[in-house]
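Please work through the following exercises with the sequence and the model at hand. Each task is followed by a stepwise solution.

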Amino acid sequence: MEKLSIGIIGAGYIGREHARSLRLVRPMFGDRLVIAAIADKNLEAAASAAKDFEIERFTDDVNSVIDDPSINVIFSCLPTKFHIDVIERAAKLGKPIFFEKPFAVSLEQAQKVNEILTTTGVPNQVGFVLRYAPTYHALKKLLDLRAKESPLRTIVLRDDQMFPIKGISHFTDWRSKVDLAGAGVLIEHGIHDLDLFEWLFGKVKRVSARSNNFAGYEGIEDYMEVRLEFASGVTGNMVHIWHDIPAHQSIRHFEIFFHKALITLDTYDMHHITVRDEKAEAKLERPDLYQMIVNEPLFKDLSNREDMLFVSDYYAIQDYWFVRNLLEGNELSPTIKDGLRAFTVGSACYESAGRDGEWVNV
Ligand SMILES: NC(=O)c1ccc[n+]([C@@H]2O[C@H](COP(=O)([O-])OP(=O)(O)OC[C@H]3O[C@@H](n4cnc5c(N)ncnc54)[C@H](O)[C@@H]3O)[C@@H](O)[C@H]2O)c1
């Protein structure tokens with residue numbers, strides 16, 4: 001594409017995050033990138049994002065942005081139930097789409113989204129932002145190194161998050177409503193991990209899961225434990241928790257056991273990896289992680305941009321690559337294929353949880 005003129009649909013938490021990221025990367029593309037409009041049914045939210053991130057136009061009329069012939073790329077940032085409407089309308093007009101995860105409230109709806117995007121053939125990218133996080137690229141390097149020394153035994157993940165219907169960054173409550181969110185912590189937050197696990201460790205063969213609903217929002221599980229068996233025979237365990245502990249940071253805590261090494265990773269606001277083996281314990285902090293990945297193709301052109309390569313600014317890195325790949329005519333990644341795959345593994349977890357943890361093949 002010669003020039004991108006972007007319309008952002010949704011000016012809540014993630015719509016603002018994309019507006020901020022696109023504003024940050026805009027100078028790197030000159031006049032080939034325009035953030036043309038932002039729409040939200042809450043006009044004040046749209047106006048405030050437009051002001052904060054120098055967006056040319058704001059409106060409460062979503063369709064007027066999607067239909068605007070001068071806008072040729074759409075970002076879908078509405079609550080989960082509504083992505084399909086935005087995707088369908090934009091895809092029919094042939095406009096490339098960036099859409100947020102989990103992008104559907106049921107497997108049937110996810111399959112419909114896949115059908116729309118594959119039949120129209122529009123370039124598309126799903127918001128699995130962790131694929132652009134330098135921390136996980138550093139982790140992938142370490143995994144490859146350690147796998148040469150001894151076999152991978154098992155992976156343990158605890159992913160916890162303050163119940164995202166209030167608090168510092170979440171002011172809205174749609175995540176407590178099953179018709180808008182589809183389900184709870186696994187599909188809304190853990191879907192990132194379902195995608196990440198296959199990216200890091202290979203195909204999942206079957207899952208066994210149990211869920212619980214402590215807060216009592218109907219259909220919204222706030223606890224999900226998943227046992228995974230990979231095609232390689234390796235096993236893993238994930239626990240996803242939505243809690244109400246304001247003093248506790250949200251943390252993804254990984255323990256990855258090789259026969260002769262243990263890699264521990266804590267991420268969210270902080271990023272560090274610890275590697276223990278028979279000889280020593282090494283702690284890798286942000287600058288060490290930065291050094292490990294700075295020359296990789298995904299990061300090297302950004303290495304003089306400290307604000308971008310600040311290890312946690314993976315939203316900006318993700319949006320930079322979305323824009324650059326579209327402008328250069330490259331494939332986008334990850335796409336609806338990856339989105340549907342993670343959604344399918346997630347659905348198998350819900351199916352298993354509904355049958356008291358019975359193993360379900362995926
Ligand atoms: N990739 C990530 O890390 C990430 C992070 C947060 C949210 N998300 C996803 O992004 C999506 C939005 O989440 P959020 O946290 O930004 O929610 P949010 O509640 O903060 O923002 C949603 C916005 O949509 C507007 N809205 C709601 N219904 C609308 C409609 N029918 N028409 C027009 N505007 C409407 C609301 O006024 C609100 O401003 C969800 O699918 C969520 O799962 C992804």
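The exercises below treat the domains, a helix pair and the ligand shell.

The model is predicted: local features need pLDDT of at least 70, side-chain atom pairs count only at pLDDT 80 or more, and totals for chains, interfaces and linings use all residues. Residues are numbered from 1 along each chain as its sequence is written.

**Exercise 1.** Determine how the protein chain is divided into domains.

Solution. Step 1: the division gives domain 1 (4-122) and domain 2 (132-311 + 343-354), with bounds from an automatic or database domain assignment. Step 2: taken over C-alpha atoms, the centres of domain 1 and domain 2 are separated by 26 Å. Step 3: 13 residues from domain 1 and 17 residues from domain 2 form the contact, for which C-beta atoms, placed from the backbone, must lie within 7 Å.

**Exercise 2.** Describe how the axes of helix α5 and helix α13 cross.

Solution. Step 1: the axes of α5 (residues 107-120) and α13 (residues 336-354) come within 10 Å and cross at roughly 165°; axes are lines fitted to C-alpha atoms over the stretch in contact, with angles from 0 to 180 degrees between N-to-C directions. Helices are DSSP runs (H or I, at least four residues), numbered from the N terminus. Step 2: α5 is therefore roughly antiparallel to α13, a term for angles over 145 degrees.

**Exercise 3.** Locate the ligand relative to the domains.

Solution. Step 1: the ligand is surrounded by 24 residues, the closest being G12, Y13, I14, E100 and T172; the criterion is a C-beta atom, placed from the backbone, within 6 Å. Step 2: helix α1 (residues 13-25) supplies the largest share of this shell, 3 residues. Step 3: domain 1 and domain 2 both give residues to the shell, so the ligand lies between them.

Terms used
Helix = DSSP H or I, 4+ residues; strand = E, 2+ residues; numbered from the N terminus. Parallel < 35°, antiparallel > 145°, perpendicular 65-115°, else oblique. Contact = placed C-beta atoms within 7 Å.
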